[in-house]
Amino acid sequence: MVPRSCLIRWKTRHLGSSIHPAVSFSRSLFASSQVYQTSWVQAVSNAEKVVGFPTSFLSLRSVANDEISNIAVYLKKLIGTGHPLITTAKNLVYSNDKTHQTRGLLVLLMSKAAKRESGQDILPEQRTLAEITELVHTAHLIHTGVINLNTPNANLEMGNKMAVLCGDFFLAHSCVQLATLQNLKVVELIAQAISDYSTAEFIDIIASENDSALDRWSQQMTLRYGSLIAHACQSTLILGNNVELIESGKSFGLEIALAWQANIEIQSFKSNANRADHVLSKLFPETPFVDVVANFQAVRDRHVNAALKLLTAFPQNDASLALGNIARALKC
Amino acid sequence: MTAFLASQRFAILFASHNRQLCRAYSGLQKCESLLFTSPPSLLFQHQIQTGVPNITNVATASANDKPDNDAMIRRDLASLYEDIRESLGKSQATLTPIAQYYFDGEGKAIRPMITMCLAKAINCHLNQTSSDMIEKQKKVAQVVEMIHTASLVHDDVIDLAESRRNKSSANVVWGQKRSIVAGDFVVGRAIEICAAMQSDPVFELITKMVADLVNGELMQLDGSATEDERFAHYLEKTFKKTASLIAYSCQSVSVLAGADTSLQNIAFQFGRQLGMAFQLVDDVLDFVATSAQLGKPAAADLRLGLATAPVLFAAHKFPELNPLIQRRFNQPGDVETAFYLVHRSDGLQRTKELASQYCDDAVTQLAHLSPSSYQQILYTLTHELLNRMK
């Protein structure tokens, strides 16, 4: 059994967690629609049962490994500073019903979906890859959460310091885990995902002559979120030797990432009081609220449909059905 | 001949066994004699038989050889920085200047220099000439320099540094967030380049290096060591933060050249001892050089609350330093008191002596290789490193 890494679980976890009304995704606001939340959470929870792991699988091994248990100390220091990254840090240290490590879940589902024979199980390397995916995503969240301080502020400076260190730690740990896979193609793909999420921070969504604002949004989201999920899907199929499904898997990863992010934008736009500042207002300037929502829902649904179509290349089994359910849940 | 080789094998074995024993000891005195050399009699024998120079009377390369090889190294270094800038250039217009900021070739470039010279020395030793392999060795130097620089950018945010290499630090120019993310970008690209080398063992060494860098930084934050443990803690932190880069880098190029385990170990130990010496000299310079010479503020370590070797040695003579060390010099006047006491003690002298011992050991390792002009360059470099002023 491959040992799990990272964070101490301060509360015991149960398989098949009960549905919780509030789910948070990355750093955006809570989704507003009750229906959407319920069906997404349900789809994710059911999917977790299919691949047999507790939701929060970035679990701290018991204090056997000093370096890893140390990180919880630094994350807790961060929590104490009032830095904007508190929520992210709390979710990592105090895992609870709210935290679903969906990216890792997607990787495990993709691994299982590709198995043509019912007896085949997810490989230990694929589980390690799922963990690596979560580690890289976490490092991304933390590092992009560093704030620019123009005036001295001891607390926020400490928060930044902890953020840099914890993010570095997660990146370093993901590299060490990557080495255990003994597959340099996978290493290359994950490294590209790291370069890509970094590049995304430097893209300006304002439309230029050459492309529309929507194209630039797609480009930014592809780099920021799509690249990691797509490359992780691709990598797990490489590890599972499912060569014929690699292209479909990679594209599925990208489509689901864009659909997911589009849905997050829609839900936060609906619930946000200050709409003028929201990215959707910038993508569709001088458009009535209802039309903005409708336009972007169309974008989201295009990606969901594309994802579902790609899924048809996969064998029909619990895992591919679960992936379909997750995709469809985004359409609510 | 076999007896000589056997004695060398024994010397290495004894030295490494010594290290493991010493690791378990606490206490300043024992740690000082840690790590290095085989028993004096063996070393002396070795020097007589091969005429290996000891660090205090290093002969520089013969006048004929030096200019050519020097020029070749400089060309290689220039093209290394060009290659790095190119690999970071194909990206967003706002990212590129940050990513490329420290790769202008203005730094000391000590790590790539050591890596490439050692690579060439090992190639001579093993009679390896494949240009493909030489390209990969250059990539190792590139990857290590990229990772090292990214860690500097992150360190500057952590330390709230305002200048580096005689210019404003990246976080001052572009803000903390973009600097951190640009650092991640550089690391991502470096790992891609490393993967393209198609060598699993090299990749594993590079990941060990990355992990050691982060853990070294975490160790530096941790003030929990007791008085007895402090020096050992400092040495371990120094290995992780500084020497590991050079050690794994040297080992990697030896792996690419097809070195067996014992030669890899020699490469590793050479890099390691040189790296340790480098940091010790750095720690001395922090007390001795002016900010203009260093390109960054002096007495920076004390201001960050760090107790480096000079301070730890000084505390032996002035135990009143211990509470200051414990509280990381955070009271008004602590930094000044510590600075003054270090200069009054023999701390700087003892640190230099320790650095010299590490250099001696590095030279001993280097002497295992067949004579070559690159080996000579490394002898000179080791000597210059010990005596540098910035």
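Modeller: Start with D104(B), which counts as partly exposed because its relative accessibility is 34%. Bear in mind that this is a predicted model. The partner of D104(B) is K167(B), and their closest N and O atoms are 2.8 Å apart. The two residues belong to distant parts of the chain, 63 residues apart. D104(B) sits in the loop between α5 (96–100) and α6 (110–126) of chain B, while K167(B) is in strand β2 (residues 167–168) of chain B. K167(B) has 24% relative accessibility, so it also counts as partly exposed.

Next comes a pair within one helix. K240(B) forms a salt bridge with E236(B), at 3.3 Å between the closest N and O atoms. Helix α11 (residues 227–256) of chain B holds both partners. They are four residues apart, about one turn of the helix. K240(B) is buried because its relative accessible area is 12%, under the 20% cut-off. E236(B) has 33%, so it is partly exposed.

S252(B) is buried, with a relative accessible area of 0%. Leaving out residues up to four places away in sequence, S252(B) touches V140(B), V202(B), L205(B) and I206(B).

D76(B), K120(B), E135(B) and K138(B) are linked in a network of salt bridges. In general, side chains of opposite charge can pair when their charged atoms come close.

Now the total. Over all chains, the structure holds 16 salt bridges. One pair joins two chains, because K177(B) lies in helix α9 (residues 176–195) of chain B and E201(A) in the loop between α7 and α8 (213–239) of chain A. The rule finds one salt bridge across the interface of chain A and chain B. In the K177(B) and E201(A) pair, the closest N and O atoms are 3.7 Å apart. That is within the 4 Å cut-off for a salt bridge. K177(B) is partly exposed because its relative accessibility is 24%. E201(A) is at 15%, so it counts as buried.

What surrounds that bridge? The contact takes in 39 residues of chain A and 38 residues of chain B. Together the chains bury about 3,500 Å², and 69% of this is on carbon and sulfur atoms. On the chain A side, L165(A), L184(A) and F202(A) lose the most area to chain B. Those three make up 21% of what that side buries.

Polar contacts are there as well. Between chain A and chain B the count is eleven residue pairs in polar contact. On the side of chain A that touches chain B, the elements giving two or more residues are α2 (66–79), α6 (154–181) and α7 (184–200) of chain A. The largest share, 14 residues, comes from α6(A). By class, this side of chain A has 22 nonpolar, eleven polar and six charged residues.

Methods: Residues are numbered from 1 along each chain as its sequence is written. Chains are lettered from A and ligands numbered from 1 in the order in which they are written. This is a predicted model: local features need pLDDT of at least 70, side-chain atom pairs count only at pLDDT 80 or more; totals for chains, interfaces and linings use all residues. Side-chain values use heavy atoms; hydrogens and water are left out. Contact means heavy atoms within 4.5 Å. Buried area is the accessible area (1.4 Å probe) that two parts lose on being put together, summed over both. A salt bridge is a side-chain nitrogen of Lys or Arg within 4 Å of a carboxyl oxygen of Asp or Glu. A polar contact is a pair of N or O atoms within 3.5 Å; within protein, one must be able to donate a hydrogen and the other to accept it, and residues adjacent in sequence count only if both atoms are side-chain atoms. Ala, Val, Leu, Ile, Met, Phe, Trp, Tyr, Cys and Pro count as nonpolar, Asp, Glu, Lys and Arg as charged, and the others, Gly among them, as polar. Buried means under 20% relative accessible area, exposed over 50%, partly exposed in between (1.4 Å probe, protein chains only).
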